[in-house]
Amino acid sequence: MKRKLLFLLLMAVSVTHLWAQRQVTGTVTSSEDGSTLPGVNVVVQGSQQGTITDVDGIYTLDVPDGATLMFSYIGYVVEKVDAGSRSVIDVILAPDITQLQEVVVTSLGIQRDKLALGYSVSELEGDEFTEAREVNIANALAGKVAGVNVSNMATGPAGSSRVVIRGNTSLKGNNQPLYVVDGIPMDNSNFGQAGMWGGADQGDGTASINPDDIASITVLKGGAAGALYGSRASNGVILITTKQGTKRKGIGVEFNSNFVFENIYDHTDYQTEYGNGNEGRVPSTPQEGFDWSGSSAWGPKFGSVSQAYVFDGTQKPYKNYFDDGGNNFKKFYETGTTFTNTLAVDGGGEHQTYRASISYLDNKSPMPNAGYKRFNLGLNTNGTYGKFEFGAKVLYSNEKAKNRPRVSDAPGNAHVAIYTMPASYDVNWFKGDPNKMGAIWDEQTNPGTPSGNGEELSFSHPWKQNPYWAAYQYVDSDTRDRLISHALAKYNFTDHLWLRARVGMDWQTRKETNITPYGTAYQRKASMNEREIRIRETNYEWMAGYDNTWGKFGVNAFVGGNLMRREYESLQLNASNMNIPFFHSVTNGANQSYGYGYDQVGINSLFASAEVSYGGFLYLTGTARNDWFSTLNPETNSILYPSVSLSYVFSEHFKLPSWWNDGQFRVAWAQVGGATSAYKTALTYSLQGSGHLGYPLGRISQSAIPNPNLKPLTKTDFEIGLDLRFLDNRLGLDIAYYQATTTDDILDATISQSSGFGGTTVNIGEMENKGIEMLLTGTPVRGEFTWDISLNFAYNDNKVIRLDEEGQIERLQIGEPRTRYAFIQNIVGEPFSAIVGFTHAEINGQKVYDPANGNPVITDTISILGNGVHKITGGVNNSFTWKGFNLGFLIDFKLDGDIYSGSNVRLTQWGLHKQTLEGRDGIQVSGVDPEGQPLNMVVPMEDVSSWWGQYARASNYFVYDASFVKLRQVVFGYTLPQKWVTGTPFTYVNLSFVGRNLWVIYKNVDNIDPESNYSNVNAQGLDYFGMPQTRSYGFNLRVRF
Amino acid sequence: MKIYNKIILALILGFIPFSACDTDELTDMNVNPNASSEIDWRFNMALAQLESCENRYVNWRANIIYSANLIQHLGGTGYSAGYTQTDFPSHSAAYFDTYYERSLKEAGEVLRNTGPDGVNPEMTNTYNVTRIVYIIAIHRMVDLYGNVPYFEASRGIEGIFNPHYDDVQAIYTQEGIDDGGVRGGMLWELNQAATALATPGTDDLSTNDMIYNGDLTKWRKVAYSLMLRLAMRIQEVDKATSDKYIGIAVGSGLLIDNADDNAWCPMATGPDVWLNQNGYSRAMQPSDGGHNNVLGKPLVDFLKGVDPADAADDDPRLLMISGGIGTWEEMEAETSDLDPLNQEGIPNGLDQERLNDYLGLPPDTPTDYMTIFSKTNPKLLDWDEPYVIMTAGEVELLLAECALRGIAGVTDAQTHFENGVREDIRRYELHDAGWVVDGATIDAYIATLGAVDVEKVGDQYYIATFMNHYEAWANWRRTGYPTIVDKQDPPLPSSLTNGEIFRRLKYPTSEPAVNPNYAEGAMAPNDFMNRLWWDVGN
């Protein structure tokens, strides 16, 4: 895309000189992939003589004898060739990885010289996403861009991601950026996240994108960068530019194949000295075997008892089964695989280019019986006919997720059982009926009986699930069809004036099936639902632009308008108590009910932008956008978002020392903002269900109190930055400081349930983000062997400045874990997502214990214990190239953040955590009683488990430092030399070993990955029995012909 | 090409009008097609009625796991052994978590709109019936937790986001101002509503009131009967107010006939399990996750009469409350042991070892309490079993206590007592048509009870409030009856209260985290043994 545009640009301004000299001709190709390079500048050094290569990379130039030819092309190292007396000179250009990505895509798809921008943008090439892959493209951003904080969820490979740019800006609303594909906003809806009561991560919008279709991703971080997107840009913008066809002879074909294995990354380190039991003894009856099963490692020491009853009523040797083939993680989870194949063809002639791609991804999750399949089809074409330009694109995807694993609370969550089985349990016992995983199998108790009654082989209490039953009998599957399309037409009145219209649509339907199967212990007669969701977002846009230069002055301006409409509709059928056993169909339910949801939102916008430049070193840009929202009342629904930015390229103004190549200073100020979701301004009433025995039932529609006076929220943003290049561009530093304040945030503030409502929709609060971002790039070695290193680093300091003026709301509760001993809140003076909770009481620094039983006394009030969002994020990327070999690895880190581990709370209460080895025969307690009097006592052996049970309520013991350093990505590849492939159909062959999430180099949390958040909602910093993170490794093959 | 150019240019220009700032079209977009700005308040009253009798979540946690196990109507080993060892925040918070945002929310909205300052003040029947429904839902809340938001509760729409906590005393006894502006205490509210209903309004409730189909006379009886229940609760701590309201109640007409008067909410088999089915039944169904339906020893001992070895003196309710002994995976009693002499309830405070000890078996004998003791009769647990709010039997027993203690001029304790027992036995006809007990059998049983005294009244009240475990627990805290309902002795090691029966439940942990008024007005300490204002009986 960039090459093509540059080509056009250069064609327009180039002057062909015709002197009667010796003619030299040749082809310029790229060393990267062997492709020909159109638009390469070829000049005779020291003269005005020059040309550029045509669409096939071929040039012809008259050259005086003894001349030196200079080949230059943006993004490549300049090549000088002594022409000698040759008449054919073919040149291979090597990419210059240290050079500034000069041309970048900015708001509304406008391409600008990076140095003209008064704000920071980061661009990543498509290759970053296609070698070592993530199923969800957003996860692949982790550690790559300063100031972009990506959270991997503990929900398995088809789960969603959480991307936050320059800190959380909304106290409770959406904090994720706007995704724009080729200029058209893309829907990034969540289809459901696990909460306190469990559930499955139903995925999000970014999962549909095929990485092989991506040419580049541009991150617009600050307000000024995204100001032209107005209300939608308050959290930053991620622009995805897809690959386009190139002008060439014939068609180009590219085939990419990627195959990786996936395994869970087990961080557990349990005590393996004591097995299942209570008060130091093993279950002595089948009933105790069942009641105590799985969740209680308070039995006697291994070796002291030979047999114990287990959950199925049988007796088993009482010993450490982790010694037989590994722990239950190893036994339960499988080796997953992801196989992705993409075939793309492209081509084009003088007027038109096209590209078509087809891709299929097949993922088998480490979670048994779960996986994800994605089919992508991409078609696009662009053309220029005289004064007209047009383009059209269709991206189609079909996704099928099989059994998204349930996480958090126990029902249907297989991980709970795996996490909480003591060493005296072997998960294989839970397989039950070999013909129906997890079901009762009479063979166990009545040998010779082929199978049981088909119901769950349950344990402990009914709300805990047999992990095989959860994996194989539950259904949480969905399929999504999605079409992202756009069409544009542009008319160039003159070289300076143009008009463009564009329409784009993101349309998707999703069908879900969720089944709690017949025979499940807590729901014996089954329940299920079928849900269909339809979402359509349409954008209509027009723009008129003018650009011109007068002497040293230049102007680049445009005005435009946009009309956005979004519709959401859901239809749901629920059924429970199946009439015919084991037949899961909504038509079979004795109880059937339905649900229906609909909402519609619209935004009308007008916008304008003007850039004035002087002398090629000073650029001043001002923009304005006015949005009108459907979701607010007419008195308050309009807001103007202005921005102004300045770029001063002092290296173009002054002559700098020769070792100093480039220098730019930039400063920007902007206001962006946002509105709210539909139907929050007026109190309305609805009818409940189908009534009751013929009596109609009425209810208030809203669970949060509506507010007619809502106005748009505002984020005011300031940034300042420097971009410096030294030593022939071998050393670069890009540094930015920003400060952003969000005011009048719109949110459902949590209020007392006794008001009748869980929340009230209000404009409140003020929150500030301040931070520094730095990108340091270097090329310590350049030559045949090249070593490039880049370090990106960001520090974000977030603070809640103020909540409401009336003082009715002192804290905003945004999340609660299943233990209910801790909360996630926004508190004045604290950073977003504070972890708070009840703690072990202290008097004058002495721990307080209950004299009646020695138990820790837990406070009745809550304290701030940590923060769920990391302040420091970054990554170090190393890349080595030698001949055809390349080796790259990315180490990323997040520091200064915390996590409340509900898993460790349960592991402690249930005696699996190593810390519970202490005092198994009696705990020595020394502290004070509630009156402050010294207390020393020994808690007897039979009360030790309840002592730890009480201890686990003290949340201060379970908030961990969630800092980590991870080896996130490794790519080791080899590109076959050109001479090997010459004569074969191939023009380029590259084979790489790739790996993702290979090694947690540093962490500080017991038993879990520091990235164990089970949901991508705002309440960050909560762990509770999520799916363990996976590591992947395999191969990537890329072939062009 | 020229013409072509013009056509394309015209198409491009055609887009421009699209983004004109037509805010009318935008505003119309924000009207929810599935909701209305107006509603018939009687529809919300109906939902408030239904939700005051729901649902599985709250019945399982507050009514069964806590109230029923504490009062030993039900029991088990370990998990539910008198339930004094478990402090699950979700369980003790369930009533608070559920009622304010459901029944009380809708009732509050009806009161706001049909009260004197509302948009439909002419809907006096709807207003006054809903006041009574509000008290039905909130009095259990007060009795479970103690101080709770009351006067400012359910007023989020008016801008009261974090209501103050009110003292139990004020919630019971405070007088209100009769302009509907300020809500009075529960007793005052009931009196106002019942008095107002004596003059019927124009709004017909016959197709909206699922409990009495708009029969206001019966609503007045419910109001006075609840008044009697609540006034009796404070007899020991504020005799003057108690006597005053008992006097009003006794003189104004009470629920005295099951078949005609009972305050029972009708339930249905569907379509929605969460909305239409009886939540208590659902919570007890093994197929729906419930498993604690084993009867407690105090209850079964009462039902077996003076001589446990003689079936002749048994309470006729024995095999209506008990469905027998056996496995009943799907709650079908066909395999159960229905011999009255074999019926047995589980004692309080057993774990597996103590159970074997109790049964005289070696400690490691495989025993399952679920198959050893009597269980709740599945005939009481149909999906569409009516949900019991209050019965005539309870009213008569309260009157008997009044007569015995000389309150409000009530006399003839023996008759009231016998009527109470008789009415409660007869109420089972309404649960199952096969349970018609002939008068002679009832009289024979009553004869075994002998002369009435306060303790016998308390014991019968305990039986009569089976399934309304909330009320049984509250009455036990006031009176100390039945005395055989007592602490675990010896306590289980894991008991949080050394085996003592809880005096209240703990608030949701979210309240101290969210409501700034919590610290000032809530019960402190927030533990299970802190007594309510009226809890002075034992």
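**Exercise 1. Determine how many residues of helix α5 (residues 89-99) of chain B are buried, and state what covers them.**

Step 1. Residues are buried under 20% relative accessible area, exposed over 50% and partly exposed in between, with a 1.4 Å probe and protein chains only. Helices (H or I, at least four residues) and strands (E, at least two) are DSSP runs, numbered from the N terminus.

Step 2. In α5(B), 11 of the 11 residues are buried, so the helix is largely enclosed by the rest of the structure. Among them are B:Pro89, B:His91, B:Tyr95, B:Phe96, B:Asp97 and B:Tyr99.

Step 3. The cover over these buried residues includes α3 (41-51), α4 (56-70), α6 (103-114), α7, α21 (469-479) and α22 (510-514) of chain B.

The model is predicted: local features need pLDDT of at least 70, side-chain atom pairs count only at pLDDT 80 or more, and totals for chains, interfaces and linings use all residues. Residues are numbered from 1 along each chain as its sequence is written, chains are lettered from A and ligands numbered from 1 in the order in which they are written, and side-chain values use heavy atoms, with hydrogens and water left out.

**Exercise 2. Locate the salt bridge between B:Arg131 and B:Glu189, and state which helices hold the two residues.**

Step 1. A salt bridge is a side-chain nitrogen of Lys or Arg within 4 Å of a carboxyl oxygen of Asp or Glu. Over all chains, the whole structure contains 71 salt bridges.

Step 2. The closest N and O atoms of B:Arg131 and B:Glu189 are 2.8 Å apart. B:Arg131 belongs to helix α7 (residues 124-145) of chain B and B:Glu189 to helix α9 (residues 186-197) of chain B, so the pair ties together parts that are 58 residues apart in sequence.

Step 3. B:Arg131 is buried, at 7% relative accessible area, and B:Glu189 is buried, at 5%.

**Exercise 3. Describe the surroundings of A:Phe191.**

Step 1. A:Phe191 is placed in the loop between β14 (184-186) and β15 (199-200) of chain A, and is buried at 7% relative accessibility.

Step 2. Leaving aside residues up to four places away in sequence, the contacts (heavy atoms within 4.5 Å) of A:Phe191 include A:Arg510, A:Glu512, A:Arg531 and A:Ile533. A:Ile533 is 342 residues from A:Phe191 in sequence, yet their C-alpha atoms are 9.1 Å apart in space.

Step 3. A:Arg510, A:Glu512 and A:Arg531 are linked with A:Arg404 and A:Asp478 in a network of salt bridges.

**Exercise 4. Work out how strand β38 (residues 731-750) of chain A pairs with β37(A) and with β39(A).**

Step 1. Two strands pair if DSSP finds at least two bridges between them. Strand β37 (residues 713-726) of chain A runs antiparallel to β38(A), joined by 13 bridges; A:Ile720 has A:Tyr737 as its bridge partner in β38(A).

Step 2. The hairpin of β37(A) and β38(A) has 4 residues between the strands, and A:Leu727 takes a positive phi near 50° in this hairpin.

Step 3. β38(A) also runs antiparallel to strand β39 (residues 759-781) of chain A, through 19 bridges, with A:Gly732 opposite A:Thr777 in β39(A).
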